[in-house]
Amino acid sequence: MSTLRAVLQWTVVCCFGYVLAVYGAYGLMIAYSAVEERFRRRRRQFESFDRVRQSMLTIPVSIVAPVYNEAPIVAAATRSFLDVDYPEFEVIVVNDGSTDETLIVLQREFDLVPIRHHFRRRYDSAPIRAIYRSRLRPNLIVVDKVNGGKADSLNCGLNIARYRYVCGVDGDTILARPSLLNGMRLALADPQRIIGVTGHIAISGAPEHALARDGVPARLDSRPLLVFQHIDYLRSFFNNRLGWTRLNTMLCAVGAFMIWRSDVLEELGGFSTTFTCEDIELTFRVHERFRREGRPYEIVSLADTVGVTEGPDRIRKLVAQRERWQRVILETVVHYRRMLFRRPYGAVGFVGVPFFVLSEVLAPVFELLALAAILVATVVGAIPVESSLLTLAALALMNGLMTSAAVLLEDRTSRAYPVRDLIRLVAFGPLDIFLYRPFMFWARVKGTWRFLRGDQSWHKFERNARPATP
Amino acid sequence: MVPTDVLASATAALLVLWAVVAAWIVGARVRDDRLRRQRGLDARRLAGAGDPALLSRRRLVRLADAEPGPGASAAARELVRRESPRLIRRAQRRAYGRTHALRVLARGESPVAYGLLRAARRRGSADVRRAVVAIAAEQQTPAADELLLDILADGDHPRSRTATELAPRAPRLVPYLLALGAHPEADVRYWAVMLLREAAADPRAKAAAVEALTDTAGTVRGAAARVLGACGASDVQPLLRALLADEVFFVRAHAARAAGDIGAHALAREIAALLADRSWWVRAAAKESLLVLGAAGHAAASSMLSADDAFARDGAAEVVSAFEREPQALVAAG
């Protein structure tokens, strides 16, 4: 019995050590994020968006949106891409062999006509069935191709894209009107050095209804599961990505909104189709190449909300999505493990990748271990019940503080949400360890297991149900 | 293991900390909303016939350093009247905070504002220079124009950003831009010519662009082609014809687009020949240009349908099919 107690106690001590290390890393990253947010806010006080918007000197952008079975949202999403506030851009929607009415909806909404279009085939992609141009919006091109996956569709869109910058977006994302201007404003500040830009995406059950009249995200979904996901995204962007920007170790320019200089994509051969997901792998690949060759570069995250994407409204769908993310992280980290603690990779190798390993790769192992150890230790009396409960409460409050930090950074930047939503976000903070994290834990365990089995399927979650339009 | 009472104290401390942070977030937001409303009210009042002398210093500072407008200018003038020496002292500090004092002095039309802006530009960091450019760009005065042109020439702030600020005022800066067009640095000449495009109605801009067609730098020749396209005069067609055969690919691409912009029907055949260019960018520009040229573009593209070069045939077929799809384009532009 005493051996069991000793093992349990040491397991709990190890897990406690891990928790301290993770929270320490998070705390450090929040400090960097706060410095970066202050720096951005300071810069913004002396920037004229109007002049950049009206200038003929602003560099044009190609927006590329791969869509697969997005019929309920594709029209609203495409309209939001076309309505972005930017002097010159084109929108290329790539229908990746959808089996639903996605293409029909696009044809109906935008009056598409087939065109003959010749382009440079810089990247391999599945065969194209037809290319259409909209009669209503001349800067909209729709490509209908054989199903080949998201990376394949992005590569197809890149082949057709004409401009020097490419903005990849998800087909279920509603872009805020100033999103492209915000992103390009950063890129244009130093076009030689800044090669990639990403930004915060808000979550909603029905993103097409989540924008205010002036085209910026302004409403928090009322469903708790979506509020928790929103908090998760807030923490990921404002607590981590801003800090990564400060350290130039941005590890994931998210697929829902990523601006890349097209010459960089061309040099790297476009998006990889051999990984389950394309965005994180591309970001790692950029770091690997540029660091190895000692070239100056930056991948930055905006401190602005650039759009709203659809979050799963059912736990089953959420777990399916997050287990895929876990697999993607593991695939990428394992593939690029040579960057870990290697001098040529600088801050990415010594801070970024270790942070990822600590907070994402090892998390399910320690979470599982901690859960089992605390449970058994409490049952056999190795740890008093009060201690277990107090530890849980302390962790919940630490989580609450992390959430508060993210909410604070977001609110100082945008002042977008009404006070009522702000209170909800802060109040939900300590609850997520009880009501949300258990599902994330399950998804991570499942994702890790599937990664070990070599599963690379996408498991796309079905679209949320929407009320019938009158 | 950690004793229960220590854990309890730590949890209680965390609870208090969380509650304080939460209250601070919400409180700061409520306060900010109130101040924003008040600032809006003050701005409207001062933009009308309101007397700025009636406002407290704090309210004036908040307003004078906020979004530009008549209210902000009135508040800044009042602050300059009340406390010019203090503002000047702050504007001479080394810290970034001086930029706010600089903005108030410039908006308040202080006679020392531009001297201080120039000093800040010389001694300040990249962020201070960025602020100096933004402050000068707000002001429509000759001193501001001069400062921005100096920054463009010296290149101590990204030239593309300075040029963006200069673009709306380019028509009144033509003499200065012509002088910059003879600058020894090719990048400065490029931006000078690019800005002349914003003053395309001025005959001096066209003359300068014609002169720039023989520049040694391809970037400048490309910019000159764009200016000529914006000028819209048909007498530049012979000049564009020479540029269509330039050795630098982007000059050929700009020349092709410019020929489309001015409706150079006489150049349609030369443009169609570019459908076989070795550069994809030139071929794409040629297609766009032929589409704009209407009937002449259609005829020239049709003649390339039997070209030896596969790229040229594909490009021509694309142009012809676009005209078939939208026959009104033939009439409209042709």
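Student: How many bridges join β4(A) to strand β5 (residues 140-145) of chain A, and do these strands run parallel or antiparallel?

Tutor: A word on the model comes before the answer: this is a predicted model, in which local features need pLDDT of at least 70 and side-chain atom pairs count only at pLDDT 80 or more, while totals for chains, interfaces and linings use all residues. Residues are numbered from 1 along each chain as its sequence is written, and chains are lettered from A and ligands numbered from 1 in the order in which they are written. As for the strands, β4(A) and β5(A) are joined by five bridges and run antiparallel; A:I128, for instance, has A:K145 as its bridge partner in β5(A).

Student: What makes β4(A) and β5(A) a pair?

Tutor: Two strands pair if DSSP finds at least two bridges between them, and β4(A) and β5(A) have five bridges, so they count as a pair. A strand is itself a DSSP run (E, at least two residues), whereas a helix is a run of H or I with at least four, and both are numbered from the N terminus. β4(A) and β5(A) also form a hairpin, with five residues between them. β4(A), residues 128-134, is joined to β3(A) as well, by four bridges and again antiparallel; there A:I115 stands opposite A:I131, and A:V113 has A:R133 as its bridge partner.

Student: Why is one side of β3 and of β7 of chain A left without a neighbour in the sheet?

Tutor: The open sheet has 10 strands with mixed pairing, in the order β3-β4-β5-β2-β1-β6-β9-β8-β10-β7 (chain A). Because β3 and β7 of chain A stand at the edges, each has a single partner strand, and one side of each therefore lacks a neighbour in the sheet. Neighbouring strands of this sheet are turned by 30 degrees against each other on average, direction ignored.

Student: Which strands pair with β10(A), and in what sense?

Tutor: Strand β7 (residues 173-175) of chain A pairs with β10(A) in the antiparallel sense over three bridges, whereas strand β8 (residues 194-204) of chain A pairs with β10(A) in the parallel sense over nine bridges. A:V308 of β10(A) is the bridge partner of A:I174 and also of A:A202.

Student: Why is α9(A) called roughly parallel to α10(A)?

Tutor: Helix α9 (residues 279-292) of chain A and helix α10 (residues 315-335) of chain A pack at an angle of about 20 degrees, with their axes 9 Å apart. Axes are lines fitted to C-alpha atoms, for helices over the stretch in contact, and angles run from 0 to 180 degrees between N-to-C directions. Angles under 35 degrees count as roughly parallel, over 145 as roughly antiparallel, 65 to 115 as roughly perpendicular and the rest as oblique, so the angle of about 20 degrees makes α9(A) roughly parallel to α10(A).
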